[in-house]
Every structure is written in structure tokens, then in C-alpha cells.
Amino acid sequence: MRTIIENAAIATVDGSEGAGTEYRNGHVVVDRGVIEAVGDGPAPPGLDAQRYVDGTGCLVTPGFVNTHHHLYQWATRGYAQDSTLFEWLTELYPVWAGIDEKIVHTAAVAGLTRLASTGCTTAADHHYVIPRDGGDVFGATVEAARQVGIRLHGVRGSMDRGESAGGLPPDSIVETLDGALSGTAEAIDRFHDPSPGSFVRVAVGPCSPFSVSEDLMRKATELARDKGVRLHTHLAETLDEERQCLEEYGCTPAELADRLGWLGEDVWFAHGIHFSDDAVARLGATGTGVAHCPTSNSRLGAGIARVQDLVHAGVPVGLGVDGAASNEDGGLGIELRQAVYLARQKNGPHSATARDGLWLATRGGARVLGREAEIGSLEVGKQADLAVWRLTGMNHTGIADPVAALVFGALPPLALLLAGGRVIVEDDEVRTVSESDAATALAVASRVLAEKRS
Ligand SMILES: [Zn+2]
């Protein structure tokens, strides 16, 4: 099955920083799920194609990579609208205590559909709420990703510090240390596919140092390294977290992570906002990654991550939408602009470009998830994960630069979105699942959760 796209502007993002090689009028050829050719002018002659796309007026980019999400939260949007992180968690934990595998599946289908419709082809989902009687909530997310057709990095999360142990979450949604470890090992054995181009990978993800015991943080590293999978947690999101860490452990969150074995090329942190110069250098030296979540950070007023400093220190940085309870939009497309604008608010107008935003969303994210050899750029031999953005409508036509149209303009409609060569979106409509069915099911799931809580 071959697809030829011609006459389009192309941003390959093949550089190690910034967007890389671009063509004003170029081609991309996809064969059996892999990029066969990319370059200037028309496609090489003599190729048979089962699908031909005239990309006149379009921009082709790599599919976006979402490095941090909580898909189940798609059913709990609109709560705790004006709260700090800790206030927000305290209001939401009792709502989340009502989730089960059916609600998680419904929320994940809807959340992944939203991601796909905003150009995303790979998503990391951090699932750390495991109610005792909720059924197979992790498997429900994997199933949803298979239906929607985008790549999933399922992070099997956990918490073992409930209210009775001085933590924030109710005891009904925390596990014992042994339960958390065996549940995580089981998720890896059931679903992790390490093969190149795989659509499901599993990572180990205790929720955060303030909801997890030191013991679980430490044992999680042993489990992940034994199984050869990645590690993920929330870190340095707010100053409240830093204060608590200093009181409880006598060190900053970054120092605690170091002490617990949580630095390395196999680790990525969500947020990573409040890092000292020393911590930034240490993250860079160890190759520890960061998922930058600019909209969620803004909604919770958590602060602005030092993205430029992190990138310059050699830290892999990608973008994340974070859970929809702190980002009701839930789409990846707007995060590019949000990331560039926040960087400029922090460090001035020369500190980030539209191409930096595109790089973070693609190659940067692929690096964070350890998949730079497979995805994140349009290069021969890589997976055919790509987005064809239509810039011919009133919102975009005439914008001098197609990359600026994508990042600074309204999010354009998708002429086509491929993941591993499979059509996920065509003519701005998700083709793998029914959006209206997903919306109907979501309304029910959200209502059920709200009623359970009251
Ligand atoms: Zn999060």
C-alpha cells in the first residue's frame, strides 16, 4: 500500500534542534507504513500508488508526540477551576475514586480521538488511579489506543500513600507497595512490545513523591531496569511540592530523585518547572527527559518551565497536554503556540521560534520517549507518522510562512493523519472511531462519575 503526497510544503524536523530541512514544494512517499522518500519537487517517477494526495496549499509535518497525559480525566473536566495543584487534587481524588474500566475506556477513546484530531500520532498516558473494584483500567486504555490507532506509551502508575499514611488520595485508590509492583509487572508482561515501530509500550510510573513512598519509588527503578522499560513520574511541578519535599526529606525534588535512582536516559519527568541551575545541569548530564505541559501549568498557575535552559543543557524535552482535568482542550496542536509564547514571556521574544515549538512537539517528544530512531521526523526508513495540514482556508491562506501558520495561527484542519501509514484522520474527520458515538458515551460517563461523587 503506497501513498504519494506531492506539491506540499514540508517541514521534516530532521535537525537535532530547530525544525531542520524544509521544502517549499516537495513530496513524501509512504510504503507499507514506512517513509520511502521525502524531498524537493515531485515524487520519484515510476512509483505506483494506491493513494495520491495533491498537497497544494498544505504543510506536511511529522505526527505530534504527546509525552504526558491522563486520559481518564477526559471524563472529569471542569472541576476545581481556580485552584492550586494540591487544592485541585483534593477536590478531584474523590471524583476519580469512582472510575472503572468502562469509564476509563470511554474517556480514553474520546481523549485519544481529540489528540488525533489535533495532529498527534503517539501519546504517553500516565494512569495512576487504580480503584480496588475498578476492574482492568490499564487494559481499557490500551484497548482504546488500538481502536483509535495511535501509538501508546502506557505508563502504569501507582500510589501507596493514602490519607491514612499522610498522603492526599483517599485510601480506596491507593495500592500496597507489593500490589503496585506486581500490578505494574503484570502490565509490562501483558502489553509491552519493544519491537521497532511498535504501537504499545509500557513504562513504570509511581505518581509523584508526595503520593508514593520512598520504598516504592526505589523499587520501581529496580522493576523498570529489570524489565528494560522506561520510568516516569511527576516532579518539580509546584513550589508547594518543593516546600513539602524540603520539610519531609531535607532536599529538593530533583535531589530526592537523584537519591532514589531516578535520573538517567530511561527516565522522564512531567512538568520539571522548579529546577535550580545545578539540577538543570544534572538532568542534562544524565540525559533525563522532561515533558513540558504549558497549558496545564498555566491553568494551575504552577510556573513556567526553563525549557530553553533544559534544551541547552542537553535535556530531552517534549510537549504534553497533561490530563484534561487541568487542560479541558486536551489537544496537542495548541501546545506548540503555548510553549513558544510562555518561553517568550519568560525570556523575551528571541528565546523561542515557531520552529522550536514544532521541534518540541515532534522530534523532542520522540527523544523523550526513547523513540528518536523510529518517529519524530520525516526521514527515509522512519515510521510513516505524519500530518498533512490544510492551509487554504480563510484562517491560514496568505500567511507568509507555513510553519508560522501552523504554530501561530488557529490550528488548521487535517487533510490527512497517518500513524504507521494507517489513515487515522482524513478530510478533518477521525476515520477509526465515530466521534459522535464517543461524545455520547462520554456524556454518560461524566454524569455517572458526578453522580457517584454526590
Ligand atoms: Zn500529570
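This is a predicted model: local features need pLDDT of at least 70, side-chain atom pairs count only at pLDDT 80 or more; totals for chains, interfaces and linings use all residues.
Close-up 1. Residues are numbered from 1 along each chain as its sequence is written, and side-chain values use heavy atoms, with hydrogens and water left out.

**Close-up 2. Donors of the zinc ion.** The zinc ion has as protein donors His68 (NE2), His70 (NE2), His234 (NE2) and Asp322 (OD), at 2.1 to 2.4 Å; donors are N, O and S atoms within 2.8 Å of the metal (3.2 Å for Na, K and Ca), and since water is not among the atoms, sites may look incomplete. Along the sequence these donor residues follow the spacing H-x1-H-x163-H-x87-D. Histidine 68, in the loop between β6 (64-66) and α1 (85-96), and aspartate 322, in the loop between β13 (317-319) and α11 (333-347), are 254 residues apart and link distant parts of the chain. Aspartate 322 counts as buried because its relative accessibility is 5%. Helices (H or I, at least four residues) and strands (E, at least two) are DSSP runs, numbered from the N terminus.

**Close-up 3. Valine 13 in a loop.** Valine 13, located in the loop between β1 (2-11) and β2 (22-31), has a positive phi near 55° although it is a residue other than glycine. Its relative accessibility is 0%, so valine 13 counts as buried.

Methods:
Buried means under 20% relative accessible area, exposed over 50%, partly exposed in between (1.4 Å probe, protein chains only).
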